[in-house]
Amino acid sequence: MAAFEYRQAEEIRDAFARHGVRYLFIGKSGAILLGYSDTTQDADVFVEKSPANGRAVVAALRELGFELSGSESAEIERGKDFVQLKNGPFDLDLVFTPDGIERFEDAWRRGVEVEGFNVCNMDDILASKRAAGRAKDRESIARLEAFRDYLRQKR
């Protein structure tokens, strides 16, 4: 399994922009785009849940080379909580209802733009990691908190 690369984030950003997709990078890929030093296996994207946005996501993913089945397209269009894609040029997780974050609009208002990337702020990334409760997330929380504190001091 290949690791997440900056080039993949650029491809997602550009295709989503061409199709008017409302999204935020989340998870470790979001933290990496904010400057966090680590690796991850895939890109995690928090997508606004609406039929129009879902259709735009499907169009953007097809443009990127994802081979979506009819059921995958329907899941994306209706905003299924979590859609994991491994049928394209890289692995991508679409998250419509991330643990620990109430509403997309709230996360959007708190989000950060870095080099054209829409990214969840570190507090939302941490809230999602904490709420997910997975062992791999718990192991990274202390480092992510230290990175968040570093970003705050830097401002």
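Let's start with S29, which sits in helix α2; helices here are DSSP runs of H or I with at least four residues, strands are E runs of at least two, and both are numbered from the N terminus. Is S29 buried or exposed? S29 is buried, with a relative accessible area of 0%. For the cut-offs, buried means under 20% relative accessible area, exposed means over 50%, and partly exposed is in between, with a 1.4 Å probe and protein chains only. A polar atom of the S29 side chain lies 3.1 Å from the backbone oxygen of I26.

Before I go on, a word on what we're looking at. This is a predicted model, where local features need pLDDT of at least 70 and side-chain atom pairs count only at pLDDT 80 or more, while totals for chains, interfaces and linings use all residues. Residues are numbered from 1 along each chain as its sequence is written, and side-chain values use heavy atoms, with hydrogens and water left out.

Now, the pockets. On a 1 Å grid over the protein atoms alone, a pocket is an open set of points with protein on both sides within 12 Å along at least five of seven lines, whereas a cavity is a set where a 1.4 Å probe fits but cannot get out; lining residues have an atom within 4 Å of a point. Points are joined across faces, edges and corners, and the volume is the space filled by probe spheres set on them.

The largest pocket holds about 650 Å³ of space. Its lining has 24 residues, and D44, K129, R134, K136 and D137 lie nearest the centre. Two or more lining residues come from each of α2 (27-33), β3 (82-85), β4 (92-95), α6 (122-132) and α7 (135-154). Which element gives the largest share of this lining? That is α7, with 4 residues. By type, the lining of the largest pocket has 5 nonpolar, 8 polar and 11 charged residues. Here Ala, Val, Leu, Ile, Met, Phe, Trp, Tyr, Cys and Pro count as nonpolar, Asp, Glu, Lys and Arg as charged, and the others, Gly among them, as polar.

The second largest pocket has a volume of about 250 Å³. Among the residues lining it are L34, V112, N121 and R148. L34 itself lies in the loop between α2 and β2 and counts as buried at 16% relative accessibility.

On to the rings. There are 9 aromatic pairs, counted when ring centres of Phe, Tyr or Trp (its six-membered ring) lie within 6.5 Å, with planes under 30 degrees apart called stacked, over 60 edge-to-face and the rest tilted. One of them is F46 with F104, edge-to-face at 5.1 Å centre to centre and 80° between the planes. F46 lies in strand β2 (residues 43-47) and F104 in helix α5 (residues 104-110), so this pair ties together parts that are 58 residues apart in sequence. Both F46 and F104 are buried. Elsewhere, Y6, F16, Y23, F25 and F117 form one aromatic cluster.

Last stop, E115. This residue is in the loop between β5 and β6 (117-119) and is exposed, at 58% relative accessibility. Most residues other than glycine have a negative phi. E115 is not a glycine, yet its phi is positive, about 50°.

Key. Polar contact = N/O pair within 3.5 Å; in protein donor to acceptor, adjacent residues only side chain to side chain.
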